[in-house]
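Load the model in a viewer and keep the sequence panel open.

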Amino acid sequence: MDKVDLYPAQADIAYDALKSRAEARRYVAAWLLLLLGLLGTGIAVYVAKTDVEREAYEHFEADSEEIRLRIEARLEAHKQVLLGGAAMFDASDDVSREEWRIYTRRVLIDEHFNGIQGLGFAQVIAPSQLRHHVAEVRRQGFPAYRVFPQGQRDSYTSILYLEPFRGRNLRAFGYDMYSEPVRRAAMMQARDDNLPALSGKVTLQQEIGQDVQAGTLMYVPVYRKGQPVETVAQRRSALYGWVYSPFRMDDLLNGVMQGRDGHETSHIHLQVHDTNVGGDTLLYDNLQHMLMTEPLFTLQRGIDFNGRHWLLQFEHHKGSVSGLDYGKAWGYLWGGLLVSLLLFLLAYGFLNTRRHAARIAADLTRTLRLKDLSLDATATAVIITDRDARIEWVNHAFVNLSGYEVEECIGHMPQELLRSGSHDKAFYEHMWQTILGGRVWHGELINRRKDGSRFNEEMTITPVVDETGGISHFIAVKQDISQRKQDEAKLRELNLDFVSFLEHTTDFVYFKDKDSRFRFCSQTLAKITGHASWRDMIGKHDREVFPPDTARVYVEEETPVFREGKALLNRTDPYYDEQGKQGWVLTNKWPLFDTDGKTVIGIFGISRDVTPMVEAQNALRESESRFRTLADSVPVMIWIAGADKRCSYFNQVWLAFTGRQLEQELGDGWVEDVHEEDRQRCLDTYTAAFEVRQPFTMEYRLRRHDGEYRWIIDHGVPNHDAAGGFIGYIGSCLDISDRHEMEALIRQMAFYDVLTRLPNRRLLNDRLQQALAVSARSGRYGALMFLDLDNFKPLNDLHGHDMGDLLLTEVARRISACVRRTDTVARLGGDEFVVVLSELEGDRSSAMQQARQVAEKIRTELAEPYRLQMQSASGKNKVVEHFCTSSIGMLLFRDQATGADELLKQADTAMYRAKEAGRNQVYAEE
């Protein structure tokens with residue numbers, strides 16, 4: 001473009017005069033100003049460059065941490081899938097191949113779990129069962145199945161299920177993973193710890209020679225159902241197999257590197273090492289085939305999976321995508337150079353006299369010409385106009401800013417090209433009057449580009465004077481501040497939101513500086529401290545706004561936060577509201593760190609009013625205390641259970657009865673005290689009541705502190721909260737053992753002879769009726785015997801009834817020893833006994849023969865001498881030897897045609913015939 005010569009003829013004279021030393025000293029200040037400007041520019045560029053690199057490192061660190069977390073999350077997700085598979089075996093007696101296929105399809109292993117080569121199950125096989133196992137699998141439709149590698153081993157395993165059952169996975173069918181040391185170590189760890197375990201680096205059986213990747217496997221043990229697994233020995237004994245997944249590491253982790261919501265990660269070089277082993281530890285390298293440059297940043301992180309340690313090494317490499325943007329630093333550099341230069345020139349000019357104005361203008365023009373290329377490279381737009389504001393020169397940055405080419409700008413006024421109509425006439429008149437008055441104008445305005453789009457700019461217009469003191473040119477420096485204005489608008493919006501938050505939140509929110517003085521706080525906090533506005537709190541200390549006791553609490557709890565940099569969490573503190581009423585707040589305070597991440601420069605705190613909750617808790621504790629006092633005072637055993645059926649409280653009466661500690665009874669511990677014969681019935685009743693939420697009553701035996709089981713009656717009723725919601729049961733228990741014993745005694749007296757404990761006439765009639773019914777139903781014969789002692793009365797007459805009772809007791813014992821447990825022996829009274837034999841074998845003749853044998857056995861036993869011993873009133877033992885035989889009448893029956901009473905009469909008649917025949921006889925009624 002055309003250049004304008006600003007030098008008049010007189011400039012040469014002035015130029016020669018500047019060579020003198022006196023004149024030179026006057027320009028030292030200008031050079032010092034230039035030096036300071038350049039020094040400030042250097043510092044600004046260095047700070048900007050440091051900020052760019054720090055921000056890049058923080059992004060790199062955040063990206064690396066996110067990758068690590070995603071790897072942990074993926075391993076955790078795989079673990080849950082394997083635990084679900086193991087749960088199938090725990091819940092089923094047998095898991096078929098088809099059920100395993102349905103499970104893997106249900107969890108969508110192909111769709112949601114990239115990197116899992118499959119989901120499988122490997123079974124433990126004893127050497128003695130190996131041949132049978134192979135034959136069984138072959139019968140299932142796999143004629144080529146075998147367990148490999150072959151060879152004699154103490155134990156075998158085989159991969160039976162592996163889904164998807166196709167492609168590479170078919171190569172692993174039947175593979176004995178336990179035969180390989182690395183896999184075996186992980187399998188043993190999972191078995192002994194009953195936890196998921198990762199193997200070291202292996203080459204998977206699925207590799208086919210192409211694209212071979214490092215592999216690893218995750219195992220979860222499966223134990224035989226119902227076997228105890230509390231100890232290592234029990235787990236080894238109960239082991240049934242393993243649910244496992246093989247991972248190809250590249251497939252597993254490439255998805256992690258590429259699936260981060262579209263974020264670019266090509267600049268991150270990740271290597272994963274297994275630190276548990278020596279030698280070749282590299283599991284994964286996402287850029288292993290690329291030529292690496294020197295990394296900009298490096299970072300190491302670790303992952304621990306149940307004892308398996310992975311080291312993640314991250315490197316940040318520059319590239320076209322991830323190279324750092326030093327545009328801000330370059331902008332500071334060129335802007336600083338330009339401003340330093342302009343300040344130097346302005347200082348240089350102001351140090352000259354008025355008569356040297358033309359010389360200064362000429363020097364400025366010549367300097368601008370010399371710096372033309374430099375100004376063209378700066379990111380700040382520069383315009384030079386004549387006195388009438390017509391453009392004479394623009395740099396390349398202005399072209400980029402406005403969209404106009406240089407040729408389109410020369411000769412035009414800036415307002416003709418850029419005016420947007422956003423400012424009125426007065427705005428431009430003020431600008432024009434300022435620069436025409438020789439003053440610098442600086443401000444912000446909205447202009448328009450060539451394409452019609454608007455932008456915000458910051459502009460400085462500096463007038464240039466000639467040798468006469470008149471204005472010859474204007475220099476305008478422009479900078480696009482659209483992004484800054486947007487950021488400022490967002491910041492103002494955030495500030496408004498923040499102020500609105502402070503003024504309307506019901507919580508006590510506050511920031512304090514390193515001296516524990518408020519920087520700002522919520523209006524609620526200001527209100528309770530007697531301040532009209534939260535702004536009045538700024539700069540004040542706790543001791544200036546709170547009562548002394550309260551302030552001391554706050555200062556003491558904040559001291560370790562400042563000193564140690566540790567957060568204070570969930571602390572309940574007192575406070576006083578504006579009326580002086582005490583309340584309670586739940587307080588959390590976090591340290592604010594300086595850029596070094598170590599120095600605490602302040603505290604951020606949130607305190608929430610929890611007065612109603614604290615008062616409710618105090619009331620609840622008081623209510624619970626009263627309840628416990630009452631419950632421990634009544635002579636009743638009381639228990640409380642939650643909605644989960646687990647007991648949470650037993651009163652002292654219960655604990656005194658069982659002799660156990662409260663911790664032993666809580667949950668399901670109380671069941672241990674219940675008699676094993678009553679336990680299941682008790683639990684069934686208890687569980688069923690929870691299902692329908694209805695009152696229940698049950699009786700069971702509970703072990704007392706002395707080891708004796710006592711009968712108790714347990715009555716439970718549903719328990720509800722204030723809103724009517726079901727929260728469990730509350731129950732009371734009473735010892736009813738005495739009642740049970742009385743009932744048993746009553747039953748004994750009603751149906752059994754008191755002396756001999758044999759069934760009496762009432763129970764005999766019932767037993768005989770039953771025998772008749774069974775005989776009629778089965779068609780088999782039964783027998784009825786009526787016995788009477790032959791020599792009983794002399795014993796009573798000589799030695800008294802007590803001795804006679806001893807004889808009757810011994811007779812009952814001998815008769816009972818001669819019959820089956822299914823038969824009945826009863827005492828009718830005095831010395832008369834009845835025996836009922838049921839279910840005799842064969843026809844009538846055989847049945848009669850069996851009955852005679854039993855009758856003869858009884859007669860023989862009763863004829864043996866009796867040695868009776870008892871203690872006399874004087875305390876001496878009295879021994880009597882007595883001989884007593886019996887007469888037995890017997891008959892057969894097979895139906896109910898003849899009633900029980902009639903049969904007894906017939907047997908009685910037969911007994912008298914035995915006596916008439918000479919006693920000590922058995923008479924059978926044919």
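This is a predicted model: local features need pLDDT of at least 70, side-chain atom pairs count only at pLDDT 80 or more; totals for chains, interfaces and linings use all residues.

Residues are numbered from 1 along each chain as its sequence is written, and side-chain values use heavy atoms, with hydrogens and water left out.

Colour by secondary structure. The chain has 30 helices and 31 strands; these are DSSP runs numbered from the N terminus, helices being H or I with at least four residues and strands E with at least two. Among contacts in the chain with a separation of 6 or more, 57% are between residues 24 or more positions apart, a contact being heavy atoms within 4.5 Å.

**Stop 1: the sheet from β1 to β5**

Select strands β1 to β5. These five strands make an open sheet, ordered β2-β1-β5-β4-β3, with antiparallel pairing; two strands pair if DSSP finds at least two bridges between them. Which strands stand at the edges? They are β2 (156–163) and β3 (197–198), each with a single partner strand, so one side of each has no neighbour in the sheet.

Now show β2 with its side chains. Eight of its eight residues are buried. β1 and β2 pair in the antiparallel sense over seven bridges, and Ile125 has Tyr156 in β2 as its bridge partner. Move on to β4 (residues 215–223) and β5 (residues 239–248): nine bridges join these antiparallel strands, and Gly215 stands opposite Arg248 in β5.

**Stop 2: helices across that sheet**

Helix α7 lies across β2, β3, β4 and β5 and runs at about 35° to β4. Axes here are lines fitted to C-alpha atoms, for helices over the stretch in contact, and angles run from 0 to 180 degrees between N-to-C directions.

Select Leu130, His133, Val134 and Val137, which are buried in α6. They cover an arc of only 95° around the axis, so they lie on the same side of α6; the arc is that of the directions from the helix axis to the C-beta atoms. β1 and β2 are included in what covers the buried residues of α6. Turn the view to the face away from that buried side to find the exposed residues Arg131 and Arg139. After α6 comes Gly141, with a positive phi near 110°.

**Stop 3: the sheet from β20 to β24**

Select strands β20 to β24. Here five strands form an open sheet in the order β21-β20-β24-β23-β22, again with antiparallel pairing. β21 (647–650) and β22 (696–703) are at the edges with a single partner strand each, so one side of each is without a neighbour in the sheet. From one strand to the next, the twist averages 25°.

Follow β20 (residues 637–642) to β24 (residues 726–735): six bridges join these antiparallel strands, and Met637 stands opposite Cys733 in β24. On to β21, which three bridges join to β20, the two running antiparallel. Trp639 has Phe650 in β21 as its bridge partner. The hairpin of β20 and β21 has four residues between the strands, and Lys645 takes a positive phi near 75° there.

**Stop 4: Trp654**

Select Trp654, in helix α22 (residues 652–658). Is Trp654 buried or exposed? Trp654 is buried, with a relative accessible area of 1%. Not counting residues up to four places away in sequence, Trp654 touches Met637, Ile638, Trp639, Glu665, Trp670, Tyr700, Leu702 and Cys733. Trp639 is 15 residues from Trp654 along the chain, and their C-alpha atoms are separated by 8.0 Å.

**Stop 5: α26 and α30**

Finally, select α26 (residues 761–778) and α30 (residues 900–916). These helices pack at an angle of about 105°, with their axes 10 Å apart. α26 and α30 are therefore roughly perpendicular to each other, a term for angles of 65 to 115 degrees, with under 35 as roughly parallel, over 145 as roughly antiparallel and the rest as oblique. Show Arg761, Leu764, Asn765, Leu768, Gln769 and Leu772 of α26, with Ala900, Asp901, Leu903 and Leu904 of α30, which make the contact. These residues divide into six nonpolar, two polar and two charged. Ala, Val, Leu, Ile, Met, Phe, Trp, Tyr, Cys and Pro count as nonpolar, Asp, Glu, Lys and Arg as charged, and the others, Gly among them, as polar.

Terms used:
Buried means under 20% relative accessible area, exposed over 50%, partly exposed in between (1.4 Å probe, protein chains only).
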